[in-house]
Each structure stands twice: as C-alpha cells, then as structure tokens.
Amino acid sequence: AISRLQSLPSGNIPLLCDVLVKEVSELTGYDRVMAYKFHEDEHGEVIAECRRSDLEPYLGLHYPATDIPQASRFLFMKNKVRMICDCSAPPVKVIQDKRLPQPLSLGGSTLRAPHGCHAQYMANMGSIASLVMSVTINEDDDETAIDQQKGMKLWGLVVCHHTSPRFVPFPLRYACEFLLQVFGIQLNKEVELATQAREKHILRTQTVLCDMLLRDAPVGIFTQSPNVMDLVKCDGAALYYKNQFWLLEVTPTEAQIRDIAAWLLEYHNSTTGLSTDSLTEAGYPRAAELGDAVCGMAAIKITSKDFIFWFRSHTAKEIKWGGAKHDPGGRN
C-alpha cells in the first residue's frame with residue numbers, strides 16, 4: 001500500500017486521495033471509506049470515497065464546520081486514530097476513586113464511549129461502527145496551528161463507516177496509522193508544489209498585467225487576455241474608471257457598483273481598498289439587494305474616485321451540503 005502511494009505521479013492530489021481510500025478499504029473491510037478535507041472556513045468536503053455499491057454516495061458533499069467541533073479536532077491532533085465498534089452499545093460507567101483530585105480524563109482512551117450526540121449522528125447516517133484517522137500537514141503560520149505540536153495542522157480525516165458492529169485489532173489500526181503518516185508526507189509535498197505553482201502563475205500574470213498598464217489605461221486588463229480575473233479566484237470583476245464601467249462575468253449592476261464605490265469613499269476613504277468575505281458583515285447597507293450572486297468582495301482604489309472590484313458568490317449557491325440542514329439564506 002505504501003509503495004503504491006509513493007509511486008504515484010506528482011501534481012494530482014485527487015488521485016492520491018482516491019488510492020488512499022481504496023487501500024484503507026482493502027485493509028480494513030469497512031463498507032465506506034472517505035477522505036474528508038477541511039476548507040479555510042473549517043467546513044468539510046468529501047473529496048474521495050470507496051463504498052459498497054448499494055450505499056448512497058457521499059462524494060462531493062460538504063458538511064458544516066459545526067459537524068466536527070473544535071474539541072473533537074483537538075483530540076484528533078492528539079489521538080490520530082479513533083475507533084467506535086458499536087455506537088448502539090450501552091456505555092459502561094466509570095467509577096472513580098473519590099481521593100483523585102480531579103475527574104479522570106478518557107480523552108486518550110480507545111475504549112472511550114462516543115458522546116450521545118455523535119452516536120445519534122452516526123445512526124442518522126446509517127453507520128453502526130466507525131474508524132477515523134487524522135491527516136496532518138505542515139502549518140505555515142504557527143500562530144494558527146490547531147495542534148500543540150509546533151507547526152502542524154489538521155488537513156482532514158479519513159473516515160470509515162460500517163453498517164454493522166466492527167472491531168479492528170490494534171496491529172491493523174497501527175498499520176493504518178503508519179499508512180496515514182506516509183500519506184501526510186506525500187500530501188504535504190503536493191500542497192507545497194501546488195502553492196509554488198499558484199504563486200508562479202500569479203507572478204507571471206502580474207508581470208503581464210503590469211506591462212498592459214504601462215502601455216495602456218486600466219481598461220486593457222479587462223478587455224485583453226490574461227485579465228484581472230486570472231489573478232484572483234472570483235466569480236466576476238468590474239472596473240469603475242472615469243465614470244464608466246467594464247464588467248466581467250458575475251457582477252452587480254452598474255448602479256449597484258456605483259453605490260458600492262460611494263459607500264467605500266464615505267466609510268473606507270482612508271484606505272486603498274477593502275477585502276471581505278461578506279458585504280453584509282462589512283456593513284454595506286444594501287448587501288441584501290445584491291442577491292445570491294454577490295457576497296464577498298475585494299476592491300482597490302486606483303485613483304481618488306476609481307476602483308477595480310472582484311466579486312464572489314455565496315458559498316451555499318455553489319456547493320452541495322450534506323448532514324445538518326444548511327440555510328441558503330445564511331451568510332457564507
């Protein structure tokens with residue numbers, strides 16, 4: 001299994017995850033094995049899956065960040081493997097010596113019973129047994145690391161579900177944990193390569209766009225290729241220049257862009273721009289009128305009254321949510 005992971009061509013994280021879930025499935029025999037990735041806003045997505053043919057697919061589904069709370073993520077950083085043999089089994093009460101100065105912590109115990117809420121969550125998904133293994137990679141910013149181990153962060157999980165009680169002996173769990181360590185090393189290399197490639201692409205695009213700006217007015221970076229949308233992951237972009245508009249793909253109307261520009265000049269005039277995941281949270285009073293098409297925005301001031309805008313749509317409009325019901329009207 002390890003040699004198959006290491007022999008894969010670089011530059012293909014989805015393939016790496018696909019091979020991993022198949023190897024774990026063959027090793028453990030669970031009905032469903034998923035690779036579950038955490039996004040920047042901490043919600044999760046099933047990016048690879050190996051399942052029994054009669055089971056409903058979960059591949060591509062996203063789950064709210066609240067499905068895996070911070071306390072659970074902290075435990076996954078300390079205990080790399082968590083097994084639940086039977087979520088319906090009655091828990092056994094632990095009797096503690098009264099002389100102990102504080103309650104006994106079972107956070108590191110393999111025999112720890114699942115919380116009632118989690119047992120119900122598993123039952124709702126048709127799962128009786130589970131095996132969950134953490135995937136950790138290097139963290140660029142130590143201050144945001146979830147783990148106490150310096151410089152590591154929880155990238156995601158490998159989640160195994162079974163529709164009947166299932167016990168995996170320690171040697172096999174240890175083998176899976178070692179396989180996940182190898183996967184983490186491979187994944188870390190892929191993430192670093194992807195970051196470097198993205199940075200090189202941005203630098204090349206910046207160079208071309210700067211050359212366009214030197215030869216022409218800002219209009220050129222909207223009407224030629226590459227354009228400003230190649231710099232930033234967005235759904236649309238707009239140029240408001242000398243009281244005229246140039247729009248690319250999904251944007252507010254010209255009147256709405258004019259109003260946003262006036263709002264920026266009134267409330268953010270001391271800065272060169274604004275970046276926000278939600279115009280509502282940023283305090284723009286007419287954000288609701290923009291509808292689902294526009295939620296986040298980045299804006300830079302190119303003269304005292306002219307702007308370049310990048311827009312992003314609501315997350316809920318773009319992705320399929322699983323698990324807890326997601327409110328499309330909520331802010332994302």
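Trainee: Is strand β5 mostly buried or exposed?
Mentor: Buried: 9 of the 10 residues of strand β5 (residues 129-138) are, so the rest of the structure largely encloses it. Buried here means under 20% relative accessible area, exposed over 50%, and partly exposed in between, with a 1.4 Å probe and protein chains only. Strands (E, at least two residues) and helices (H or I, at least four) are DSSP runs numbered from the N terminus.
Mentor: Keep in mind that this is a predicted model: local features need pLDDT of at least 70, side-chain atom pairs count only at pLDDT 80 or more, and totals for chains, interfaces and linings use all residues. Residues are numbered from 1 along each chain as its sequence is written, and side-chain values use heavy atoms, with hydrogens and water left out.
Trainee: OK, so which strands pair with β5?
Mentor: Strand β4 (residues 81-84) pairs with β5 over 4 bridges, antiparallel, and strand β6 (residues 152-162) pairs with β5 over 10 bridges, also antiparallel. Strands count as paired if DSSP finds at least two bridges between them. If you want landmarks, Val81 sits opposite Met133 in β5, and Val132 has Val159 in β6 as its bridge partner.
Trainee: What's the strand order in the whole sheet?
Mentor: The order is β3-β2-β1-β6-β5-β4, an open sheet of 6 strands with antiparallel pairing. At the edges are β3 (62-63) and β4, each pairing on one side only.
Trainee: And which helix packs on the sheet, touching β1?
Mentor: That's helix α3 (residues 70-78), which also touches β4, β5 and β6, and its direction makes about 95° with that of β6. Contact means heavy atoms within 4.5 Å. For the angles, axes are lines fitted to C-alpha atoms, for helices over the stretch in contact, and values run from 0 to 180 degrees between N-to-C directions. Helix α5 (residues 170-215) lies across β4, β5 and β6, at about 35° to β5.
Trainee: How many bridges join β1 to β6?
Mentor: 6, with strand β1 (residues 32-38) running antiparallel to β6. Lys37, for one, is bridged to Gly156 in β6.
Trainee: Switching topic: how many disulfides are there?
Mentor: A search of the whole structure gives 0, where a disulfide would be a pair of cysteine sulfur atoms within 2.5 Å.
Trainee: What about Glu45, buried or exposed?
Mentor: Glu45 counts as buried, at 18% relative accessible area. You'll find Glu45 in strand β2 (residues 44-51).
Trainee: What does its side chain make a polar contact with?
Mentor: The side chain of Glu45 has a 2.7 Å polar contact with that of His39. The term covers a pair of N or O atoms within 3.5 Å; within protein, one must be able to donate a hydrogen and the other to accept it, and residues adjacent in sequence count only if both atoms are side-chain atoms.
Trainee: And where is Glu23?
Mentor: In helix α2 (residues 13-28). Glu23 is buried at 7% relative accessible area, and touches Ala1, Arg4 and Leu179, leaving aside residues up to four places away in sequence.
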